Amino acid sequence: MRSKPIINEEKIEKTIKNIRKASFTVLDFISAFEGIYPDDWKKLVERFGLFGKERRYTVNTYLSNRLDVYSHKPSSILVPFKRYKKAKFKDYRKTTVEEKKVFGSPWIAVYKKKQACH
């Protein structure tokens with residue numbers, strides 16, 4: 001039996017559509033999601049915690065994973081995300097100093113909308 005995701009695809013799509021840029025990071029997604037769904041955001045933070053709270057799997061990780069999985073679905077409005085392979089960071093970029101403080105990693109995934117979604 002498959003478990004129901006905490007955040008459904010409709011909320012993911014609505015959030016993506018509210019991001020004005022053609023490509024975005026999970027931090028852009030979080031900013032939009034928190035504004036649209038503040039109650040859901042609070043539940044996610046309570047469950048997973050924020051980066052820097054001595055947790056390995058945080059709300060950033062959860063939402064990054066959800067975006068990755070969603071991008072590979074046939075009905076997705078995102079270009080399928082290409083994970084890190086063979087020392088190539090095709091769908092990643094270096095984080096800024098500010099991003100690294102709230103994300104932790106020197107690299108961050110960049111998700112791209114399909115052309116019809118701009």
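Axes are lines fitted to C-alpha atoms, for helices over the stretch in contact, and the angles between their N-to-C directions run from 0 to 180 degrees. The model considered here is predicted, so that local features need pLDDT of at least 70 and side-chain atom pairs count only at pLDDT 80 or more, whereas totals for chains, interfaces and linings use all residues. Residues are numbered from 1 along each chain as its sequence is written, and side-chain values use heavy atoms, with hydrogens and water left out.

The axes of H3 and H4 come within 9 Å and cross at roughly 115°, helices being DSSP runs of H or I with at least four residues and strands runs of E with at least two, numbered from the N terminus. Trp 41, Leu 44 and Phe 48 of H3 make the contact (heavy atoms within 4.5 Å) with Val 59, Tyr 62 and Leu 63 of H4.

Not counting residues up to four places away in sequence, Leu 63 touches Val 26, Phe 29, Ile 30, Trp 41 and Leu 44.

Ser 64, in helix H4 (residues 59–71), is buried (under 20% relative accessible area, against over 50% for exposed and in between for partly exposed, with a 1.4 Å probe and protein chains only), its own value being 13%.
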